[in-house]
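Here are my notes for a colleague who is opening this model for the first time. Please keep the structure in view while reading.

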Amino acid sequence: MQVATTVSNTLFDPARHEGLNGPLWDEAAARAAVQRMVQDALQDFSPQGLWRAHALDDPATPDTRYSMLYFGAGGIIWALRHLSRQGFVEPAELARFDATVPTLVQRNREVGETHLAGTQSLFMGDSGLLLLQWQAAPSQAVADQLFDVVQGNLHHPAREMLWGSPGTLVAAIHMAEATGEPRWAELFARGVNILWDEMVFDAELGAWLWWQDLYGKVVCYIGAGHGFAGNLYPVMRGAALLPPAVVQGFADRALQTVQALAMRQDGCTNWPPSHPQSANGKMLVQDCHGAPGIVCRLAGAPRTPAWDALLLDAGQTTWRAGPLAKGSGLCHGTAGNGYALLKLWQRSGDALWLARARAFAMHAATQVDAQREASGHARHSLWTGDIGVALFIASCLQQDSRLPMLDVF
């Protein structure tokens, strides 16, 4: 299966991508790839040292050990627990993490990464690790602590998914669904109302946007990682917890914005990473910025011709650009782009998108093998490393388009 390359670099930079070179989809080979990645994670774990940070994740020192969900021990443990529910990890293997999970919040703070924008973050900080701790061993004390963390993050100035309230509101959604307690739905609805009030209309662009105070700069991002699509995601994901009029209001503004900012060519659509005033003009095609993330976060949008056309054309961009040369992972790698193809299969019912996702899965597996051989060890990380790829391959096997940690926890 070959990726078309007729779209010029107006929508993407061909140098950031590579042609498909993985084997044809084979269920047995896919399962074997997942098992290799699982075994690497299990055998490299140490209760004292957790997992070694990979050089590509820019550790402060070679012996750094991260604890967060994004690229630390919390995310790897969550992934192994999820893969166990899918039959890829023996439940008895999870017992080795029982004593570790309650220590991760403090360990994460000691590493110091959370000082960048506070400690509440779902991806980087307390809320994600507390959600994992509650899932592993539910307790009222942990639930109450998590509630306070989410509530304390409602007005975070970042106004984006990784650090801001859109991420921590996802934790509230998961707790509302798991417990049925009204306080979580009420907290979520309160946060959504704040997001609505913080949105501003840019008359020149004809778009509704959020401006973020991020890493010491005021910026306005469009995509899933730090921007507009990521902020819309909890509304789409938690729509059942909100009044229909609220969801429709967000959907209307979302459609207006993605149409206004879309760049189109030859049946393909992509979006710039940021507002023109934010001075980041590189056209990216990855989960955190660009078409794949738009698809993955807004795949729950209403089934209308306008939405269908936008998302399908974004999928065409993802497919034609091809796998990412940067790596195999979820955030800015081949597996993350592959989830966009899975989302379009689920949304459209067209089996072509499932076949395309599976082609990306086989390619990502070869990237993992090549990186392991080059560095001499696995890359242990949920959002940037091997276990995230294992989740994507498993999703292709299970025909399950749910995004790890976001759609399902």
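1. Ground rules. This is a predicted model, in which local features need pLDDT of at least 70, side-chain atom pairs count only at pLDDT 80 or more, and totals for chains, interfaces and linings use all residues. Residues are numbered from 1 along each chain as its sequence is written, and side-chain values use heavy atoms, with hydrogens and water left out.

2. Helix H1, its length. Helices (H or I, at least four residues) and strands (E, at least two) are DSSP runs, numbered from the N terminus. H1 covers residues 27-44. The expected span of a helix is 1.5 Å times one less than its number of residues. For the 18 residues of H1 that gives 26 Å, and the end C-alpha atoms are 26 Å apart, so the two values agree.

3. At the start of H1, a side-chain oxygen of Asp26 comes to within 3.2 Å of the backbone nitrogen of Ala28. Buried means under 20% relative accessible area, exposed over 50%, and partly exposed in between (1.4 Å probe, protein chains only). H1 has these buried residues: Ala30, Ala33, Val34, Met37, Val38, Asp40, Ala41 and Leu42. Their cover includes helix H2 (73-85), helix H13 (351-375) and helix H14 (386-398).

4. Trp51. This residue sits in the loop between H1 and H2. Trp51 counts as buried because its relative accessibility is 3%. A polar atom of its side chain lies 2.8 Å from the backbone oxygen of Ala41. Contact means heavy atoms within 4.5 Å. Leaving aside neighbours within four places in sequence, the contacts of Trp51 include Ala41, Asp44, Phe45, Ile76, Leu80 and His380. Gly72 is 21 residues away along the chain, yet the C-alpha atoms of Trp51 and Gly72 are separated by 7.6 Å.

5. Ala394. Look for Ala394 in helix H14. Its relative accessible area is 0%, so Ala394 is buried. Not counting residues up to four places away in sequence, Ala394 touches Val34, Leu83, Gln86 and Phe88. Val34 is also one of the buried residues of H1. Ala394 and Arg237 are 157 residues apart in sequence, with 22 Å between their C-alpha atoms.

6. Helix H10. How many residues of helix H10 (residues 291-298) are buried? Eight of its eight residues are, and the helix is mostly covered. Among them are Pro292, Gly293, Cys296 and Arg297. The cover includes helix H8 (228-237), helix H9 (244-261), strand S6, helix H11 (305-321) and helix H12 (334-348).

7. Thr269. Strand S6 (residues 268-270) holds Thr269. Thr269 counts as buried because its relative accessibility is 0%. Beyond residues up to four places away in sequence, Thr269 touches Leu11, Ala262, Met263, Arg264, Ala291, Leu310, Asp313, Ala314 and Thr317. Ala291 is one of the buried residues of H10.

8. Two positive phi values. Arg159 is not a glycine, and its phi is positive, near 50 degrees. Arg159 lies in the loop between helix H5 (140-152) and helix H6 (165-179). Its relative accessible area is 26%, so Arg159 is partly exposed. Asp266, also a residue other than glycine, has a positive phi near 50 degrees. Asp266 is in the loop between strand S5 (263-265) and S6. At 48% relative accessibility, Asp266 counts as partly exposed.

9. Pocket and cavities. On a 1 Å grid over the protein atoms alone, a cavity is a set of points where a 1.4 Å probe fits but cannot get out, and a pocket is an open set with protein on both sides within 12 Å along at least five of seven lines; lining residues have an atom within 4 Å of a point. Grid points are joined across faces, edges and corners, and a volume is the space filled by probe spheres set on the points. The largest pocket holds about 800 Å³. Of its 38 lining residues, Tyr70, His226, Lys326, Cys331 and His332 are the closest to its centre. The whole structure has three cavities of 30 Å³ or more. The largest cavity has a volume of about 50 Å³. Its lining includes His82, Gln86, Tyr339, Leu391 and Ser395.

Conventions. Polar contact = N/O pair within 3.5 Å; in protein donor to acceptor, adjacent residues only side chain to side chain.
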